[in-house]
Amino acid sequence: MNLGKDTTLCNGQKLILNAGVGSAFRWQDQSVKSTFEVAKAGKYSVEVTNGFICKSIDEIEIKYIDVPLIDLGRDTLVCESFFSLVAGANDYDYEWQDGSSENTFAPTAHGRFWTRAKNQCGEARDTVTLYSVNDVFIPNVVTPNNDKANDNFLLGINTKGATYTSISYPVSLVIFNRWGQRVFYDERYTGKWPLNDDRIETGMYYYKASVSGCKDFKGWVQVLR
């Protein structure tokens, strides 16, 4: 009697353990059939008695795993220091865009990076883009007239003609009028200046946007009503 080697299954799979030939069977849960259906992880054992009242015992351990789960994070602005991309668990088989096979990848330049992770249950893939300071888009005109076009001062990433109105790092923004008076400040700016009740007049304003890891972005923006 041999239940086989310890086994790893994919979640959702079942396995029928067969105790073989005997006159009596007793599994770890006290059931007495010659077979036992496994549907969850654990240790399973059976005691088999033959016609000569000789007993033998065997045990097997069953583990369950999922399809790989990986996450490279959001597309990110990197101004100075690069950081390692961590894909997921170390027990997957990885393939990065350059052919490397570790669960981490250390970029040395801006660009698009992807990885694919495999195990016996399937595979997963994820992609992330690291933008440079040259990709930052800051408008110099806003028209807060509630026409849903250019109503707010939006800081984002401009690449291949598409403007993405979010930067994954927190952005601190301060706005001054032409006399140097501060008219707006938000340490975690969400793209909502001017607000409807700000009563911001038509004219020239000056901004300083601070993004973690980057030099301050400074410039002017004209408000047209």
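Modeller: Happy to; what follows is a set of labels from this predicted model, each set against its cut-off.

Colleague: Let us begin with the disulfides. How many does a search of the whole structure find?

Modeller: The search finds two. Counting bonded cysteines along the chain, they follow the pattern 1-3, 2-4.

Colleague: What makes cysteine 10 and cysteine 121 a disulfide?

Modeller: Their sulfur atoms are 2.0 Å apart, and the cut-off is within 2.5 Å, so the pair qualifies. The angle about the S-S bond is -105°, and the link is left-handed. Cysteine 10 belongs to strand β1 and cysteine 121 to the loop between β11 and β12, so the pair ties together parts that are 111 residues apart in sequence. Both cysteine 10 and cysteine 121 are buried.

Colleague: And how do you know that cysteine 79 and cysteine 214 form a disulfide?

Modeller: By the same test: a sulfur separation of 1.7 Å falls within 2.5 Å. This link is right-handed, with 85° about the S-S bond. Cysteine 79 sits in the loop between β7 and β8, and cysteine 214 in the loop between β19 and β20, 135 residues apart.

Colleague: Now the rings. Why are tryptophan 96 and phenylalanine 105 called stacked?

Modeller: Their centres are 5.3 Å apart, with the planes at 25°. Pairing asks for centres within 6.5 Å, and stacking for planes under 30 degrees apart, so the pair is stacked. Tryptophan 96 and phenylalanine 105 are both buried.

Colleague: What makes phenylalanine 184 and tyrosine 189 an edge-to-face pair?

Modeller: Here the centres are 5.8 Å apart and the planes are at 80°. Because edge-to-face means over 60 degrees, this pair gets that name. Phenylalanine 184 is buried, with a relative accessible area of 12%, and tyrosine 189 is buried, also with 12%. Phenylalanine 184 and tyrosine 189 belong to one aromatic cluster, whose members include Phe153, Trp193, Tyr205 and Tyr207.

Colleague: How do you know that arginine 125 counts as lying over the face of tryptophan 114?

Modeller: Arginine 125 is 4.1 Å from the ring centre, and the distance limit is within 6 Å. The rule also asks for a position within 35 degrees of the ring normal; arginine 125 is listed as lying over the face.

Colleague: Which residues touch the most other members of the largest nonpolar core?

Modeller: Of its 23 residues, they are Phe153, Leu173, Ile175, Trp193, Tyr207 and Phe217. At least two residues come from each of β17, β19 and β20, and β19 gives the most, with four.

Terms used. Residues are numbered from 1 along each chain as its sequence is written. This is a predicted model: local features need pLDDT of at least 70, side-chain atom pairs count only at pLDDT 80 or more; totals for chains, interfaces and linings use all residues. Side-chain values use heavy atoms; hydrogens and water are left out. A nonpolar core is a set of buried Ala, Val, Leu, Ile, Met, Phe, Trp, Tyr and Cys residues joined through side-chain atoms within 4.5 Å. Buried means under 20% relative accessible area, exposed over 50%, partly exposed in between (1.4 Å probe, protein chains only). Rings of Phe, Tyr and Trp (its six-membered ring) pair if their centres lie within 6.5 Å; planes under 30 degrees apart count as stacked, over 60 as edge-to-face and the rest as tilted.
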